[in-house]
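Trainee: Please take me through one part of this model closely. I would like the hairpin and what surrounds it.

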Amino acid sequence: MTAVLLTFAWAVPLSEREAGKVLDGGRDRGLLAHLDGKLGDEWTAAENFLANYTTPPRRRVLRKRRLAIRAGETGLPCELVVTWHPAYHAMTLVLATTITGAAADGPAAEFDLAIAILQSLQGRETSNGERGLHGRYGEKTFPSLLKAVTHVFEDLTKGCGLTEGLGRKGWCVELRSHDGHPPAQRVAADPRPFYGLATSDEGWRFVPREVARDALGPSWGTRSFVAAYTMAGGIVCLNSKDAEYVEHQAELMRGPFGEAEPYFGIDSEIGGLDHGMLFILERVLIRMALADQWLASMKKTGSRTRLLRGSLDDILEMLHSVLPPEIDSLERRLVTSMGVERIIAQLDRQAEAMDEETRYAYENTVSARVTRLTVVTVVLTVVTIVLGVLQVLVSL
């Protein structure tokens with residue numbers, strides 16, 4: 001049986017002061033709890049093995065039963081992880097849910113439900129009230145999951161004075177089976193449902209197979225049982241890791257290190273946590289959010305203050321070489337697929353224009369000062385000549 005693990009993420013720039021209000025305030029008001037238990041252990045195992053943060057993220061989880069996803073009378077499991085990334089001065093919200101055949105009805109119905117959830121998280125509303133796909137937060141019902149998450153976000157950031165909202169978004173859909181079969185064969189047989197998950201296109205059945213295959217492009221994977229595809233919306237991953245691989249890796253690690261590596265045994269309900277794809281999605285969204293913030297700030301203020309080109313490079317460097325090289329190649333694909341390079345290029349052009357404006361202003365300032373200095377010099381010269389003439393006349 002294949003389970004569809006769906007994670008949907010947003011990134012928002014956030015200062016250290018604002019982060020303190022969100023995390024500490026959320027804890028004091030009973031909204032947030034520490035990321036512990038099985039979820040915390042799996043997240044820690046993945047980060048310890050895959051990531052190399054200079055300053056570790058601070059992760060919290062929304063308390064149970066405060067946020068819910070419901071499709072009519074059926075409730076789906078739901079977690080919302082709130083993370084402050086001190087190295088990047090940004091916050092991410094990650095909503096995770098799992099869809100199995102039991103939650104759907106009919107062939108490929110889990111794909112259709114997953115796509116409906118993706119659309120609801122992007123703002124599409126139900127007109128069926130509680131009979132349709134809707135979100136609940138506290139005691140309130142919302143016609144879209146985005147509205148429910150937005151109310152959570154507003155509660156968490158209350159009093160921070162944030163002007164940024166949940167604008168930068170992306171998703172990771174992981175199809176989890178445990179058979180060890182090469183997943184690329186499954187995609188080759190029929191790429192359409194995976195295209196639908198990558199684009200949140202409910203009409204995937206009517207997309208020509210060659211169009212879907214070309215849109216997905218080549219797969220990424222460092223294991224025979226993993227295949228990942230990057231698109232403008234995020235990542236679709238097929239993961240068929242089986243017990244044989246887990247046991248082999250555990251035995252391999254016990255020899256030189258005395259114990260099994262917890263990461264290899266991860267079978268998390270958080271899509272993309274295995275193989276680090278969720279971390280990649282977070283980092284790419286953060287990069288987009290920061291670049292967008294800078295662009296908006298420059299357009300709003302119209303400041304002529306010079307934007308150092310080194311500051312632009314910070315966006316690239318601060319997110320560089322954090323993950324292993326083999327995973328970093330997937331990040332580069334996602335950067336291209338999600339259009340980050342276009343945003344950075346726009347920011348680069350703005351920086352270049354501001355540099356030109358600064359240079360022009362500097363040249364004008366220097367020219368004006370030279371002109372004033374020349375005038376003063378001429379005046380002083382005339383005065384000196386006049387004084388000299390007067391001195392001669394007086395002496396006569």
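Mentor: Strands β6 and β7 form a hairpin, with four residues between them. In the turn, His89 has a positive phi of about 55°. This is a predicted model, so read each value as computed from it. The two strands run antiparallel and are joined by seven bridges.

Now take β6 by itself. It covers residues 79-85, and seven of the seven are buried, so the strand is largely enclosed by the rest of the structure. In a regular strand, side chains alternate between the two faces of the sheet. Here Glu79, Val81, Thr83 and His85 point one way. Leu80, Val82 and Trp84 point the other way. Both sets are buried.

Strand β3, residues 58-62, pairs with β6 in the antiparallel sense over four bridges. In that pairing, Arg60 stands opposite Val82.

Next, β7. This strand spans residues 90-99 and contains Thr97. Thr97 is buried because its relative accessible area is 2%, under the 20% cut-off. Its side chain reaches the backbone oxygen of Pro77 at 2.6 Å. Leaving out residues up to four places away in sequence, Thr97 touches Val4, Leu5, Leu6, Ile69, Leu76, Pro77 and Ile117.

Ile117 also turns up in the largest nonpolar core, which has 59 residues. Ile117 is among those with the most contacts inside that core, along with Trp10, Leu67, Leu95, Leu121 and Val173. Apart from this core lies another, of 49 residues, including Val81, Ala46, Ile280 and Leu334. In soluble globular proteins, nonpolar side chains tend to be buried together.

Follow Leu67 for a moment. Beyond its neighbours within four places in sequence, Leu67 contacts Leu80 and Leu95, among others. Its list also includes Leu62, Cys78, Tyr137 and Val152.

Ala46, from the 49-residue core, is one of the buried residues of helix α2. Others in that helix include Leu39, Trp43 and Leu50. Helix α2 has 14 residues, 37-50, and should span 20 Å at 1.5 Å a residue; its end C-alpha atoms are 20 Å apart, which agrees.

Last, the setting. The chain has 12 helices and 12 strands. Of its 396 residues, 48% count as buried. Among contacts between residues at least 6 apart in sequence, 73% join residues at least 24 apart.

Terms used: Residues numbered from 1 in each chain as written. Predicted model: local features only at pLDDT ≥ 70, side-chain atom pairs only at ≥ 80, totals over all residues. Heavy atoms only, no water. Expected span 1.5 Å × (residues − 1). Buried < 20%, exposed > 50% of the residue type's maximum accessible area, 1.4 Å probe, protein only. Polar contact = N/O pair within 3.5 Å; in protein donor to acceptor, adjacent residues only side chain to side chain. Contact = heavy atoms within 4.5 Å. Core = buried A, V, L, I, M, F, W, Y, C linked by side-chain atoms within 4.5 Å. Pairing = 2+ DSSP bridges.
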